[in-house]
Amino acid sequence: GFGSGLNTAHYPAAVTGVVAIEPSDLAWKLAGDRLGATTVAVSRSGLDGEKLPLPDGSCDAALSTWTFCTIPDVTAALDEIKG
């Protein structure tokens, strides 16, 4: 989950875009100010780490901060990341 956007201030300059997987509308709302302050394009796509709505190979990296403990099938989520 993307959460409240605390990581946005720490993205390196090479990051040009982020696809956020966040099931909580409240967390996405809380991220609003941080999303407005970052120069990195962030889009919300999907709500479930076990099934990502992205084409294989479309992302260079994955970032997870305090997320895997909330995913019922961690193996499925890791397989999705691996693509």
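Student: Where is proline 23 found?

Tutor: First, the ground rules. This is a predicted model, so local features need pLDDT of at least 70 and side-chain atom pairs count only at pLDDT 80 or more, while totals for chains, interfaces and linings use all residues. Residues are numbered from 1 along each chain as its sequence is written, and side-chain values use heavy atoms, with hydrogens and water left out.

Now the residue. Proline 23 sits in the loop between β1 and α1 (25-30). Those labels come from DSSP runs, numbered from the N terminus: helices are H or I with at least four residues, strands are E with at least two. Proline 23 counts as exposed because its relative accessibility is 53%. The cut-offs are under 20% relative accessible area for buried, over 50% for exposed and partly exposed in between, with a 1.4 Å probe and protein chains only. Proline 23 still has partners. Setting aside residues up to four places away in sequence, proline 23 touches Arg44 and Leu47. Contact means heavy atoms within 4.5 Å. Lysine 51 is 28 residues away along the chain, and its C-alpha atom is 12 Å from that of proline 23.

Next, a residue of that loop. Isoleucine 21 is also found between β1 and α1. Isoleucine 21 is buried because its relative accessible area is 16%. Beyond four places in sequence, isoleucine 21 touches Gly1, Phe2, Ser45, Gly46, Leu47, Asp48, Gly49 and Leu52. Glycine 3 lies 18 residues away in sequence, with 8.8 Å between its C-alpha and that of isoleucine 21.

Step back to alanine 20. Past its neighbours within four places, alanine 20 contacts Phe2, Trp28, Val42, Ser43, Arg44, Ser45 and Gly46. Alanine 20 also belongs to the largest nonpolar core, which has 6 residues: Phe2, Tyr11, Val18, Ala20, Ala31 and Val40. Such a core is a set of buried Ala, Val, Leu, Ile, Met, Phe, Trp, Tyr and Cys residues joined through side-chain atoms within 4.5 Å. In soluble globular proteins, nonpolar side chains tend to be buried together.

Of its 46 lining residues, Val19, Ile21, Ala61, Ala62 and Leu63 are the closest to its centre. On a 1 Å grid over the protein atoms alone, a pocket is an open set of points where a 1.4 Å probe fits, with protein on both sides within 12 Å along at least five of seven lines; lining residues have an atom within 4 Å of a point. β1 (17-20) and α3 (74-82) each supply at least two lining residues. By type, the lining holds 24 nonpolar, 15 polar and 7 charged residues. Here Ala, Val, Leu, Ile, Met, Phe, Trp, Tyr, Cys and Pro count as nonpolar, Asp, Glu, Lys and Arg as charged, and the others, Gly among them, as polar.

Follow α3 from there. Threonine 75 is in helix α3. Threonine 75 counts as exposed because its relative accessibility is 52%. Glutamate 50 is 25 residues from threonine 75 in sequence, yet the C-alpha separation is 8.2 Å.

One backbone point to finish. Tryptophan 66 lies in the loop between β2 (41-44) and α3. Tryptophan 66 has a positive phi of about 55°, although it is not a glycine. Its relative accessible area is 78%, so tryptophan 66 is exposed.
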